[in-house]
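Subject: Structure for your review

Dear colleague,

Please find below the structure that I am handing over to you.

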Amino acid sequence: MLDQIRGLHHVTSMSRDGQANNSFFTDTLGLRRVKKTVNFDEPSVYHLYYGDEVGTPGSVMTYFPFPHIIRGRPGTGEVGETVFSVPEGSLSFWKERFAEKGVNGVIAEEAFGEKRLRFTAVDGDSFALVEAKDDKRAPWTGGAVAGDEAIRGFAGATLRLGDSGATEELLKFMGYEHADTSKGIKRFVIPGGNGADVIDLQTLPNMPRGDLGAGSVHHIAFAVDDREAQKAVRQALLDTGYQVTPVIDRDYFYAIYFRTPGGVLFEIATNEPGFDKDEDTAHLGEALKLPTQHEHLRAWLETHLPDIKD
């Protein structure tokens with residue numbers, strides 16, 4: 001069993017409109033845009049990162065806004081819902097805020113003994129806020145949500161699967177423990193994690209596989225401290241029979257990827273070097289930052305990428 005995984009690092013999804021996406025996460029949810037860069041494989045498309053003040057691993061939601069992408073079809077083999085942590089007693093604030101902002105799909109409910117508020121983002125992607133009793137993480141309060149109700153980071157995510165058996169074994173191998181089952185959903189928790197500790201498995205054997213598009217999660221990333229820890233995890237996965245990519249330098253972290261038995265794309269990402277590698281903390285996410293291999297495209301990109309107003 002691995003002991004290097006600390007919880008979630010980030011979640012990366014697809015969107016259609018970069019401006020609408022930016023407005024939703026920075027204004028409606030009050031997160032900070034901590035990086036404005038481009039897709040490594042398709043530099044004509046932004047890669048936008050939102051999180052806490054410094055983009056702490058476990059707080060970062062990221063998006064590829066492809067302007068002409070079709071809407072994704074929800075199904076199995078994907079992340080079904082991404083869950084943010086907020087303080088106890090704050091859901092009434094968020095319910096009122098969502099009503100003012102015209103947020104869709106707002107449903108209040110309880111699960112696993114926790115109060116939560118489910119909602120959808122601009123591309124129909126599914127999210128929830130959950131009241132967390134002992135989340136000591138510092139929120140970003142320098143933006144649109146400046147009070148104690150601000151989001152602390154991820155609580156976790158729900159995976160939708162046709163069959164959960166092999167994924168359960170994988171999570172246990174990664175250091176997660178089965179903590180509870182509620183309404184057929186199995187909860188796994190990483191002990192002593194970074195706050196973004198929970199993975200829920202929802203088994204839907206009669207649901208078709210999801211189709212990737214706007215509103216779909218592209219991959220979910222798990223955090224390790226550094227490259228040495230990542231190297232150990234990669235070797236252990238290879239030894240277990242998983243097909244794992246070589247280490248890829250993503251500028252702000254190092255990444256490896258592998259496809260899970262349930263079809264979800266997992267990433268293992270390092271906590272180092274961080275989003276302040278090329279920007280002062282006070283100005284994170286303001287300038288267009290380009291990977292070295294795409295720097296020669298700067299003049300073209302600055303005139304062709306859609307303008308995003310803060």
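How many bridges join strand E9 (residues 153-161) to strand E12 (residues 198-203), and do the two run parallel or antiparallel? Six bridges join E9 to E12, and these strands run parallel. In that pair, Leu161 stands opposite Thr203 of E12. Strands are said to pair here if DSSP finds at least two bridges between them.

Please note that this is a predicted model: local features need pLDDT of at least 70, side-chain atom pairs count only at pLDDT 80 or more, and totals for chains, interfaces and linings use all residues. Residues are numbered from 1 along each chain as its sequence is written, and side-chain values use heavy atoms, with hydrogens and water left out.

Overall form

The protein has five helices and 16 strands; helices (H or I, at least four residues) and strands (E, at least two) are DSSP runs, numbered from the N terminus. The radius of gyration is 18 Å, close to the 19 Å that the globule rule gives for 310 residues, so the protein is as compact as a globular protein of that length. This radius is taken over C-alpha atoms, and the rule is 2.2 Å times the number of residues to the power 0.38. The C-alpha trace spans about 50 × 45 × 35 Å along its principal axes. Of the 310 residues, 54% are buried, where buried means under 20% relative accessible area, exposed over 50%, and partly exposed in between (1.4 Å probe, protein chains only). Among contacts (heavy atoms within 4.5 Å) between residues at least 6 apart in sequence, 67% join residues at least 24 apart.

The sheet that holds E9 and E12

E9 and E12 belong to an open sheet of eight strands, in the order E6-E7-E8-E5-E9-E12-E11-E10, with mixed pairing. Its edge strands are E6 (104-111) and E10 (177-182), each of which pairs on one side only. From one strand to the next, the twist averages 25 degrees. Helix H2 (residues 91-101) lies across E5 (78-87), E6, E7 (114-120) and E8 (126-132), and runs at about 15 degrees to E7. Axes are lines fitted to C-alpha atoms, for helices over the stretch in contact, and angles run from 0 to 180 degrees between N-to-C directions.

The loop between E6 and E7 contains Phe112. Its phi is near 55 degrees, a positive value in a residue other than glycine. Phe112 counts as buried, at 16% relative accessibility.

The sheet that holds E2 and E14

Another open sheet has eight strands in the order E2-E3-E4-E1-E13-E16-E15-E14, again with mixed pairing. E2 (32-38) and E14 (248-249) stand at the edges with a single partner strand each, so one side of each is left without a neighbour in the sheet. Helix H1 (residues 18-28) packs on this sheet, touching E1 (8-15), E2, E3 (46-51) and E4 (60-65), and its direction makes about 5 degrees with that of E3.

The bridge partner of Ile248 in E15 is Ala255. Asp251 lies in the loop between E14 and E15. Although Asp251 is not a glycine, it has a positive phi of about 70 degrees; at 15% relative accessibility it counts as buried.

Strand E16 includes Pro273, and the peptide bond from Glu272 to Pro273 is cis, with omega near -5 degrees. Glu279 is placed in the loop between E16 (265-273) and helix H5 (298-304). Glu279 counts as buried at 8% relative accessibility, and its contacts beyond four places in sequence include Val34 and Lys35.

Nonpolar cores

A nonpolar core is a set of buried Ala, Val, Leu, Ile, Met, Phe, Trp, Tyr and Cys residues joined through side-chain atoms within 4.5 Å. The largest has 62 residues, and Phe25, Leu29, Met174, Ile220, Phe222 and Phe266 have the most contacts inside it. Apart from this core lies another, of twelve residues, among them Val34, Ala221, Ala269 and Phe275.

Yours sincerely
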